[in-house]
Amino acid sequence: MNRRARTAALTAATAMVLSAALAVPAVAAGPVAAPGGHDATERAVRAAVADGVPGVTLTVRRGHGTRAATAGVGNLETGKPRSARDHYRIASISKTFVATVVLQLEAERQLSLDDTVEKWLPGAVRGNGHDGRRITIRQLLNHTSGIFDYLEDPGFQQKYMTAAGFMKHRFDEAAPEDLLAIAMANKPYFRPGTSFAYSNTNYLLAALVIEKATGNDYGDEIDRRIIAPLHLTSTSVPTTRVTLPRPGSRAYSKLARETTGPTYDVTELNPRLAYASGQMVSSSADLTRFYSALLGGRLLPREQLKKMRTTVESSRETSRYGLGLVDRKLGCGVHVWGHDGGIYGSNSDVVTTEDGRHSLAVNFNGDWSGSTDAIIEAEFCDK
């Protein structure tokens with residue numbers, strides 16, 4: 001669930017509501033815990049809280065050293081501050097993990113990026129102009145398949161993304177086949193390979209390919225191939241667990257276009273509705289470790305990493321999309337690689353330099369204000 005590609009549409013649909021509304025005053029910026037940190041980055045973190053984000057947690061990894069920064073609160077009722085060790089939902093950042101596993105399978109010659117979806121999932125992508133015989137695994141990973149995004153289906157939005165619908169269905173478990181059927185009930189965006197359109201259905205299918213190729217749940221493969229080897233102790237692929245591991249902060253949303261009005265606690269939800277497009281939980285420290293290892297060549301052979309970094313034009317002028325990995329050009333001309341993720345009450349971003357030696361991961365526990373872009377620019381551009 002990519003924040004920049006989807007947040008506006010989903011917010012308009014007023015999604016991810018819990019019944020307990022909290023009427024709270026504006027939160028002042030709290031102290032920043034970042035000994036020896038980068039002044040510009042710390043100022044940007046404080047500015048996000050001053051802009052209305054309840055709390056921020058951030059980790060920077062540079063070489064063999066790390067530093068952390070926090071500001072604001074993790075619980076609006078108790079005033080408990082955010083922690084540098086907070087677990088949070090990483091939403092579409094999950095896509096980089098999924099793409100990494102697919103590329104590992106290619107390196108092992110268990111599949112090819114040029115394989116069609118039909119080869120692995122016969123008959124799964126059919127209907128209303130969709131045809132899995134003409135779509136490759138590569139096109140799933142770089143969003144050039146044209147497959148409809150199930151999140152944009154009006155019926156899905158009505159059921160899960162309105163206040164009344166979410167309160168009734170927030171703990172539902174939808175099978176990936178059910179989500180795929182929703183996508184297939186709509187027309188594709190374009191002929192495969194002719195354009196770019198971000199679609200969460202692509203990564204649902206990529207996960208199903210992983211499961212078909214390995215005989216294991218895609219989450220188990222992520223755990224075995226990435227989480228365990230890198231000792232990502234705060235990272236997991238939850239199935240139907242609706243709460244976050246501890247330590248963790250509450251997640252908040254305005255559930256409207258406006259930034260005023262009541263603030264809702266939206267922490268508990270069933271992540272299975274996001275499936276492989278955005279199901280995972282992690283921490284800022286784990287994310288910097290993962291992306292540093294990935295871009296540093298520890299998870300993929302050189303050939304597969306080159307394919308991952310081969311990009312296509314995306315929907316943003318300042319970025320291009322690879323295979324589950326975004327090449328972002330900052331205002332100062334520096335290029336960083338990573339992904340962002342947004343799910344109600346949680347906005348996250350993680351980026352790293354091409355050599356993996358300088359990484360940043362940041363999370364807001366509110367989704368209506370603040371800018372992760374400003375924090376990234378401060379870290380990588382303000383010398």
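Close-up 1. Tyr189 counts as partly exposed, because its relative accessibility is 30%, where buried means under 20% relative accessible area, exposed over 50% and partly exposed in between (1.4 Å probe, protein chains only). Phe148, in contrast, is buried, with a relative accessible area of 8%. A search of the whole structure finds eight aromatic pairs; rings of Phe, Tyr and Trp (its six-membered ring) pair if their centres lie within 6.5 Å, and planes under 30 degrees apart count as stacked, over 60 as edge-to-face and the rest as tilted. Phe148 and Tyr189 form one of these pairs, which is tilted, at 5.5 Å centre to centre and with 35° between the planes. Phe148 lies in the loop between helix H5 (137-141) and helix H6 (154-160), and Tyr189 in the loop between helix H8 (176-184) and helix H9 (200-214), so the pair ties together parts that are 41 residues apart in sequence.

This is a predicted model, in which local features need pLDDT of at least 70 and side-chain atom pairs count only at pLDDT 80 or more, while totals for chains, interfaces and linings use all residues. Residues are numbered from 1 along each chain as its sequence is written, and side-chain values use heavy atoms, with hydrogens and water left out.

**Close-up 2. The rings of Phe290 and Tyr291.** The ring centres of Phe290 and Tyr291 are 4.9 Å apart and their planes stand at 70°, so this pair is edge-to-face. Phe290 counts as buried at 0% relative accessibility, and Tyr291 is likewise buried at 0%. Together with Phe97, Phe290 and Tyr291 form one aromatic cluster.

Close-up 3. Eight of the nine residues of strand S13 (residues 335-343) are buried, so the strand is largely enclosed by the rest of the structure; helices (H or I, at least four residues) and strands (E, at least two) are DSSP runs, numbered from the N terminus. Two strands pair if DSSP finds at least two bridges between them. Strand S12 (residues 326-329) runs antiparallel to S13 and is joined to it by four bridges, with Trp337 in S13 as the bridge partner of Asp327. Five residues lie between S12 and S13 in their hairpin, and Gly333 in the turn has a positive phi of about 95°.

Seven bridges join S13 to strand S14 (residues 346-352), again antiparallel, and Ile343 stands opposite Ser346 in S14. The hairpin of S13 and S14 has two residues between the strands, and Gly345 in the turn has a positive phi of about 90°.
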